[in-house]
Amino acid sequence: MNDNTPNKSIEKLYTEISSIITEARNKVYKSANSEMVNAYWKIGKRIVEEDQNGENRAEYGIAIVKELSKRLTKVFGKSFGERNLRHIRQFYIAFENWNALRSELSWTHYRLLLKVSDAKARAFYVEETILCNWSARTLDKQIGNLYYQRMIMSKDKVEVKNESHQFYFPTLLLDYSCMN
């Protein structure tokens with residue numbers, strides 16, 4: 001009888017179980033992240049609605065965010081500081097259509113997309129992020145590299161994508177499925 005048989009069997013079982021655990025954790029993370037994105041959108045909506053009812057919008061809006069931040073931070077932590085509440089408010093304004101939110105994107109993706117003022121460019125980055133499975137880091141680099149602007153100015157869009165992907169993933173073979 002071969003001594004390696006039990007070890008190979010255990011190794012295979014370990015690998016399969018590790019894969020199951022990793023997959024479950026990824027699903028939990030994505031689900032939790034998606035729910036927080038939805039929560040942030042609802043919070044942004046409420047802040048904007050409240051701000052719109054204020055008499056002096058600029059001062060009233062600042063006061064709302066400041067007071068909310070104090071109270072929410074005490075109970076829910078620093079994720080609800082003034083700066084993040086302003087991002088949450090801006091998130092709602094940039095993505096007013098709740099049905100347009102994409103579960104594939106994390107809050108970090110959406111925060112980066114807030115840097116893009118042009119709605120068409122933002123929509124382009126959303127689609128490219130999903131299609132090419134960009135991490136938040138890659139999205140940030142693509143925005144900083146003016147990927148959208150280069151694409152709309154280029155006649156050879158495949159070449160622009162190829163250059164962009166080669167710059168960020170020089171050792172990887174390109175998946176041309178996100179090139180079309």
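**Figure 1. Glu49 and Lys45 pair along helix 1.** In this predicted model, Glu49 and Lys45 lie four residues apart in helix 1, so about one helical turn separates them. Helices (H or I, at least four residues) and strands (E, at least two) are DSSP runs, numbered from the N terminus. Glu49 forms a salt bridge with Lys45. Their closest N and O atoms are 3.9 Å apart. A salt bridge here means a side-chain nitrogen of Lys or Arg within 4 Å of a carboxyl oxygen of Asp or Glu. Glu49 is partly exposed, at a relative accessible area of 31%. Lys45 is partly exposed too, at 30%. Buried means under 20% relative accessible area, exposed means over 50%, and partly exposed lies in between (1.4 Å probe, protein chains only).

Residues are numbered from 1 along each chain as its sequence is written. The model is predicted, so local features need pLDDT of at least 70 and side-chain atom pairs count only at pLDDT 80 or more, while totals for chains, interfaces and linings use all residues; side-chain values use heavy atoms, with hydrogens and water left out.

Figure 2. An α-helix has 3.6 residues a turn, so residues three or four places apart point the same way. The closest N and O atoms of Glu82 and Arg86 are 3.8 Å apart. Glu82 is partly exposed, with 31% relative accessibility. Arg86 is partly exposed as well, with a relative accessible area of 46%.

Figure 3. The salt bridge of Arg102 with Glu104 has its closest N and O atoms 3.5 Å apart. Arg102 is partly exposed, at 26% relative accessibility. Glu104 is partly exposed, with a relative accessible area of 45%. Elsewhere, salt bridges that share partners join Lys45, Arg46 and Glu49 into one network. The structure holds ten salt bridges.

**Figure 4. A nonpolar patch lies on the surface.** Which residues form this patch? Ile10, Leu13, Ile17 and Ile21 do, with about 350 Å² of accessible area together. Patches are made of residues with over 30% relative accessible area and no salt bridge; like charges are joined within 9 Å, nonpolar side chains (Val, Leu, Ile, Met, Phe, Trp, Tyr) within 5 Å. Accessible areas come from the Shrake-Rupley method with a 1.4 Å probe; for residues, only the protein chains shown count as cover. Ile17 sits in helix 1 (residues 4-52). Ile17 is partly exposed, at a relative accessible area of 40%.

**Figure 5. Helix 6 has a buried face.** Helix 6 spans residues 136-144, and its buried residues are Ala136, Thr138, Leu139, Gln142 and Ile143. Seen down the axis of helix 6, they fall within an arc of 160°, so they line one face of the helix. The arc is that of the directions from the helix axis to the C-beta atoms. The face turned away from the buried side carries the exposed residues Arg137 and Gly144. Just after helix 6, Leu146 takes a positive phi of about 55°.

**Figure 6. The chain as a setting for these views.** The chain has eight helices and zero strands. Of its 180 residues, 34% count as buried. The chain exposes about 12500 Å², and carbon and sulfur atoms supply 55% of that area.
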